[in-house]
Amino acid sequence: MIEPRHLRVLRAVAATGSFSAAARELGCTQPAVSQQMKALEQSTGTPLLIRTGREMRLTQAGEALVRHAAGILAGLTAAEEEVAAIAGLRAGRVRLASFPSGSSTLVPTALAEMRKDYPGTRVSLVEAEPPRSVELLRAGDVEIAVAFRYPEVEPAVADAEELIAPAEGPWGKDDLVVRPLLSDRLVGVVPEGHRLAGAGAVGIGELAEEPWIAGCPRCRRHLVDVCEAAGFTPRIDFATDDYPAVIGLVAAGLGVAVLPELALESVRAKGAAMVAVEPAVRREVVALTLPDLARVPAVAAMLERLESAARGEPRP
């Protein structure tokens with residue numbers, strides 16, 4: 001019989017390439033990893049790893065087992081949580097992955113409501129941009145991913161940084177439950193003394209000659225697409241995922257930027273001015289989960305509270 005703990009060890013070994021690295025990731029000893037791998041090979045009746053000196057690679061059987069491991073572990077998690085809820089234990093957990101501006105705006109309200117209503121349910125949060133957050137969901141490391149996409153430019157051809165398969169839908173394979181949360185408009189950010197600082201709205205083409213400060217890889221690609229659609233290619237001088245850093249660079253007169261309204265809710269925009277950008281540029285913010293997990297009561301409750309937080313309507 002294949003044990004879930006052995007599958008977790010196999011997945012860690014496959015991801016890290018060695019027993020010692022897997023042991024560090026799992027927080028155990030290298031002999032313990034070796035013993036569990038031997039037990040798994042005995043259970044399956046076939047070698048799963050080929051060891052050649054310091055190198056290690058999966059056999060064909062090992063590759064097949066790793067491919068199925070994420071789905072198996074996610075299914076087991078869903079089963080455990082649902083059984084616990086049915087039994088009335090009021091236990092379990094909900095793990096979220098969210099991009100930074102969602103973590104500082106939508107998510108805290110939802111988590112607070114969840115903890116108040118279900119104090120026995122453990123809730124936790126890790127920060128991850130899409131597509132990484134979607135990977136964590138598929139791997140069984142979280143139950144919900146709060147993510148975003150730009151509908152007007154996706155699906156796009158994935159580059160080397162994209163780990164979601166292209167041509168299968170904006171989130172990869174069409175096997176996820178998608179809960180729309182809100183449409184997040186992007187706002188132009190210019191230095192306070194900029195010629196357009198007092199404008200109510202500006203066409204993005206009016207910023208064609210400006211140096212730009214860009215964000216995450218997905219946001220950067222979208223910025224280039226929008227600017228090229230307006231007839232110019234932006235000169236990106238700086239790139240950072242840190243929104244306060246973007247504001248600081250703009251305030252110092254080093255360029256202009258566009259930031260989501262969600263991000264601006266939690267950033268002190270000292271030295272920078274906000275202007276509406278025309279045509280309106282928006283990103284869609286959604287909560288994602290797997291179909292099996294969506295039926296788990298704690299996950300369903302967390303999704304409801306995320307929707308309420310997005311509407312700005314606290315639950316009674």
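At roughly what angle do the axes of helix H1 and helix H2 cross? They cross at roughly 120 degrees and come within 8 Å, with H1 spanning residues 4-16 and H2 residues 19-26. The model is predicted, so local features need pLDDT of at least 70 and side-chain atom pairs count only at pLDDT 80 or more, while totals for chains, interfaces and linings use all residues. Residues are numbered from 1 along each chain as its sequence is written, and side-chain values use heavy atoms, leaving out hydrogens and water.

**The chain overall**

- The secondary structure of the protein chain comes to 12 helices and 12 strands; these are DSSP runs numbered from the N terminus (helices: H or I, at least four residues; strands: E, at least two).
- Of the 316 residues, 46% count as buried, meaning under 20% relative accessible area, where exposed is over 50% and partly exposed lies in between (1.4 Å probe, protein chains only).
- Among contacts (heavy atoms within 4.5 Å) with a separation of 6 or more, 71% are made by residues 24 or more positions apart.

**H1 and H2**

- The axes are lines fitted to C-alpha atoms, for helices over the stretch in contact, and angles run from 0 to 180 degrees between N-to-C directions.
- H1 contributes Arg 8, Val 9, Ala 12, Val 13 and Thr 16 to the contact, and H2 contributes Phe 19, Ala 21, Ala 22, Glu 25 and Leu 26.
- By type, the residues of this contact are 7 nonpolar, 1 polar and 2 charged (Ala, Val, Leu, Ile, Met, Phe, Trp, Tyr, Cys and Pro are nonpolar; Asp, Glu, Lys and Arg charged; the others, Gly among them, polar).

**Cover and end of H2**

- Phe 19, Ala 21, Ala 22 and Ala 23 are the buried residues of H2.
- Their cover includes H1, helix H3 (30-44), strand S1 (49-52) and strand S2 (55-58).
- After H2 comes Gly 27, with a positive phi near 75 degrees.

**Two residues elsewhere**

- Ala 39, in helix H3, counts as partly exposed because its relative accessibility is 23%.
- Val 286, in strand S12 (residues 282-289), has 0% relative accessibility and therefore counts as buried.
- Val 286 and Phe 148 are 138 residues apart in sequence and 6.0 Å apart in space, C-alpha to C-alpha.
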